[in-house]
Amino acid sequence: MLSAPTTNVGRTETDLPAIELAGAAKRFRTPTGDVYTAIQDFNLTVGRGEFVSIVGPTGCGKSTTLSLISGLAPPSAGEVRVMGKPVAESKAEVTYAADF
């Protein structure tokens, strides 16, 4: 887990994490105008070649987290990087599929 965003200075491409979320948050506006926080202060590092499963009860933020990683939704706060680059720059390298 990350405690703060890391820097890529001095790191080679092979030692950068495949996926990195640092202080990530996602908030949504509800139909009544309130703000709903789906995830907040979320830190995750997935190394290259690692296999990770995201499991949890309904409503815990699994799909929201995958949406951030895939670039389908921008974070409300924090950073999301794929292969060392902000996810917005990495969309061509990301594939997302829901499995039911």
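Author: Let's begin with how the elements are named: helices (H or I, at least four residues) and strands (E, at least two) are DSSP runs, numbered from the N terminus. With that in hand, our spot is the loop between strand 3 and strand 4 (85-86), where Met83 is found, together with strand 3 (residues 77-82).

A few words on the model come first. This is a predicted model, in which local features need pLDDT of at least 70, side-chain atom pairs count only at pLDDT 80 or more, and totals for chains, interfaces and linings use all residues. Residues are numbered from 1 along each chain as its sequence is written, and side-chain values use heavy atoms, with hydrogens and water left out.

The pLDDT is the predictor's confidence in each residue, from 0 to 100. It averages 85 over the protein chain, and 77% of the residues score at least 70. Residues 1-5 have a pLDDT below 50, yet this stretch makes 12 contacts in the model beyond near neighbours in sequence; a contact means heavy atoms within 4.5 Å.

Now the overall layout. The protein chain has 1 helix and 4 strands, which run β-β-α-β-β from the N terminus on.

Met83 has a phi near 55°, a positive value in a residue other than glycine. To say how open a residue is, we use relative accessible area: buried means under 20%, exposed over 50%, and partly exposed in between (1.4 Å probe, protein chains only). Met83 comes out at 29%, so it is partly exposed. For a second residue with a positive phi, look at Asp41, which is not a glycine either and has a phi near 50°. Asp41 is found in strand 2 and is exposed, with 60% relative accessibility.

A search of the whole structure finds 2 of them. One joins the side chains of Arg81 and Glu20, with N and O 3.1 Å apart. Glu20 is buried, like Arg81. In the other salt bridge, Arg81 meets Glu79, with the closest N and O atoms 2.1 Å apart. Glu79 has 34% relative accessibility, so it is partly exposed. Shared partners join Glu20, Glu79 and Arg81 into one network.

What does Val87 touch, leaving aside residues up to four places away in sequence? The list is Leu68, Ile69, Ser70, Gly71, Val80, Arg81 and Val82. Val87 also belongs to the largest nonpolar core, which has 12 residues, including Val80, Val82, Leu68 and Ile69. Such a core is a set of buried Ala, Val, Leu, Ile, Met, Phe, Trp, Tyr and Cys residues joined through side-chain atoms within 4.5 Å. Strand 3 supplies at least two residues of this core, and so do strand 1, strand 2 (35-46) and helix 1 (62-70). In soluble globular proteins, nonpolar side chains tend to be buried together.

Helix 1 meets our spot as well. Its buried residues, among them Leu68, Ile69 and Ser70, pack against strand 1, strand 2 and strand 3. Gly71 follows helix 1, with a positive phi near 85°.

The C-alpha atoms of Thr14 and Gly84 are 9.8 Å apart, although 70 residues separate the two along the chain. Thr14 is found in the segment before strand 1, and it is exposed, with a relative accessible area of 67%. For the chain as a whole, 53% of the contacts between residues at least 6 apart in sequence join residues at least 24 apart, and 32% of its 100 residues count as buried.

Conventions: Salt bridge = Lys/Arg side-chain N within 4 Å of Asp/Glu carboxyl O.
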